[in-house]
Amino acid sequence: MWLSGGNGTATTFARYFSRKCAPNLRKINPRVPPQEAASIAEALYHIIKQQGPLTVSNTWNHAKEAGINGLSSKTHMKLLLKWMRGRNMLTQFCNHVGSSKKFLLSTLPGEPEIKQLNKPTVATLETGSRR
């Protein structure tokens, strides 16, 4: 019925249903117990936060220097980085350099003002000296 409306509608319909769903990054298995994955993720997070946006290979070099316990290989680190992106700890962006692309990992921008505003504040009044 509604496909006979014109060529544009059929094209839109085909385009909509031919798209693949985005992968669910939350279901990635980090191949280690959750407590160990959290400690490795925290160490990787601090490396990326201190060193600025890093490529995967630079992150691996810094992780080797830091001697993170639990990381077995670069492939395992890449899996954990993807797991961290699924939990919104990291973001990945593309930097075009000429005709090539460079993918960089960075931490999400912090929101210290919001955290400070959520804390209850106690107002104290200063009065003159009492006699």
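Among contacts in the protein chain between residues at least 6 apart in sequence, 51% join residues at least 24 apart. The model is predicted, and its protein chain contains five helices and two strands. Read from the N terminus, the order of these elements is α-α-α-α-β-β-α. Of the 131 residues in the protein chain, 21% are buried.

**The pair of helices α2 and α3**

- Two packed helices are described by the angle between their axes and the distance between the axes.
- For helix α2 (residues 34-51) and helix α3 (residues 56-66), the axes come within 10 Å and cross at roughly 115°.
- The crossing of α2 and α3 is right-handed.
- On the α2 side, the residues that meet α3 are Leu44, Ile47, Ile48 and Gln51. On the α3 side, their counterparts are Thr59, His62, Ala63 and Ala66.
- Sorted by class, the contact of α2 with α3 has five nonpolar residues, three polar residues and no charged residues.

**The largest nonpolar core**

- The largest nonpolar core has 20 residues, and Leu44, Leu71 and Leu81 touch the most other members.
- Helices α2, α3 and α4 (74-86) each supply at least two residues of this core.
- The helix that gives the most to this core is α2, with six residues.
- Leucine 44 also belongs to the contact of α2 with α3. When its neighbours within four places in sequence are left aside, leucine 44 is in contact with Thr59, Ala63, Ile68, Leu71, Met77, Leu80, Leu81 and Met84.

**Tryptophan 83**

- Tryptophan 83 lies in helix α4.
- Is tryptophan 83 buried or exposed? Tryptophan 83 counts as buried because its relative accessibility is 9%, and the cut-off for a buried residue is under 20%.
- Apart from its neighbours within four places in sequence, tryptophan 83 is in contact with Ile28, Pro30, Ala37, Ala38 and Ala41.
- Tryptophan 83 and asparagine 29 are 54 residues apart in sequence, yet their C-alpha atoms are 7.5 Å apart in space.

**The strands β1 and β2**

- Strand β1 (residues 90-97) and strand β2 (residues 100-107) run antiparallel and are joined by eight bridges.
- Phenylalanine 93 stands opposite leucine 104 in β2.
- Cysteine 94 has phenylalanine 103 in β2 as its bridge partner.
- In a regular strand the side chains alternate between the two faces of the sheet.
- The hairpin of β1 and β2 has two residues between the strands, and glycine 98 in this hairpin takes a positive phi near 65°.

**Loop residues with positive phi**

- Arginine 31 is found in the loop between α1 (7-18) and α2. Its phi is near 65°, a positive value in a residue other than glycine.
- Arginine 31 counts as exposed because its relative accessibility is 53%, and the cut-off for an exposed residue is over 50%.
- Which loop holds asparagine 88? Asparagine 88 is found in the loop between α4 and β1.
- The phi of asparagine 88 is near 60°, again a positive value in a residue other than glycine.

Note on methods:
Residues numbered from 1 in each chain as written. Predicted model: local features only at pLDDT ≥ 70, side-chain atom pairs only at ≥ 80, totals over all residues. Heavy atoms only, no water. Axes fitted to C-alpha atoms, helices over the stretch in contact; angles between N-to-C directions. Helix = DSSP H or I, 4+ residues; strand = E, 2+ residues; numbered from the N terminus. Left-handed = near helix turned anticlockwise from the far one by under 90°. Contact = heavy atoms within 4.5 Å. Nonpolar A, V, L, I, M, F, W, Y, C, P; charged D, E, K, R; others polar. Core = buried A, V, L, I, M, F, W, Y, C linked by side-chain atoms within 4.5 Å. Buried < 20%, exposed > 50% of the residue type's maximum accessible area, 1.4 Å probe, protein only. Pairing = 2+ DSSP bridges.
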